[in-house]
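Here is a short briefing for a first look. Please view the sequence and the model together.

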Amino acid sequence: MPGGRRGLPPFWRRAPEPLGRGGAAFPAPCRRHEPSERRLGPCRRGSPAPPGPVSAAPTPSPVPGGPLSLREVRCLQCLTKNLSRYAADIKSLPPNIKDKLITLMSRQGQITDSNISEVLHPAVESLDLRDCDISDNALLQLYNCKQLKKINLNSCKENRLGITSEGVIALALSCPYLCEASFKRCCDITDSGVLALALNCQFLQIVNLGSCSGIMDASLQALGENCKFLHSVDFSSTRVTDDGVVALVSGTCSKNLKQCPRPAF
């Protein structure tokens, strides 16, 4: 009959309900769902809990020392433009932020004798001051930077007159773990400064003394005798002779030396 039970589609026809104990009828399972699609009921005591919905992985928090956000970069740029105004705030910054500030100020040539103490911190490991106008006074303020491993005081264009052996001696006494020291065109450095480096910074690996006109054979002899990890020395355009070269290559670093330019007379 049209519109009756016989006219319904097969999956809409209700199957006879099976009888349980005492003649009670159990509801028939829904035929529209396969067994794999049936929802799990409440967990019974002692049975494992059903797996919950898979949630998206949480967004990782910023890694300390990782790249700065755009907002943080703008804040640092604001600090560099108002150093005297925010001096107290700069001193309280965490080390990883101070490292970024040091890098930014170094690139802009903003680190000076008067403000370097505000950005330094005991855990600093690298200072690139080649574009900054500093003197021995800045090196004298590194007394608390025991972890410093790399310092770049090269002068790319003209001779740097403010760095002398006095500053290098202070650097050597303050930073015993120094591995790389660059003094290209620091023409006021003499053998006494290099001797202090050789005696106090025995982990030195790279030393650049290019165009340091006060450097003579004694510097290379001291480096060869005390710095066994040394593998690169630039002493071009100095007063080093063949005797200094022989002393260097005959020293404790002889097996590690990779770059050793010939002296220029």
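Residues are numbered from 1 along each chain as its sequence is written, and side-chain values use heavy atoms, with hydrogens and water left out.

**Confidence**
- The protein chain has a mean pLDDT (the predictor's confidence in each residue, from 0 to 100) of 80, and 72% of its residues reach 70 or more.
- Residues 1-5 have pLDDT below 50.
- Residues 30-65 stay under 50.
- Where pLDDT is low, the predicted coordinates should not be read in detail.

**Helix H9**
- Helices are DSSP runs (H or I, at least four residues), as are strands (E, at least two), numbered from the N terminus.
- Gly 244, Val 245 and Leu 248 are buried in helix H9, residues 242-249 (buried means under 20% relative accessible area, exposed over 50%, partly exposed in between, with a 1.4 Å probe and protein chains only).
- Seen down the axis of H9, these buried residues fall within an arc of 100° (taken from the directions from the helix axis to the C-beta atoms), so they line one face of the helix.
- Asp 242 and Asp 243 are exposed on the other side of H9.

**Salt bridges**
- The structure holds 2 salt bridges (a side-chain nitrogen of Lys or Arg within 4 Å of a carboxyl oxygen of Asp or Glu).
- Lys 149 and Glu 125 form one, at 3.8 Å from N to O.
- That pair ties together parts that are 24 residues apart in sequence.
- Arg 130 and Asp 128 also meet in a salt bridge, at 3.1 Å from N to O.

Terms used
Contact means heavy atoms within 4.5 Å.
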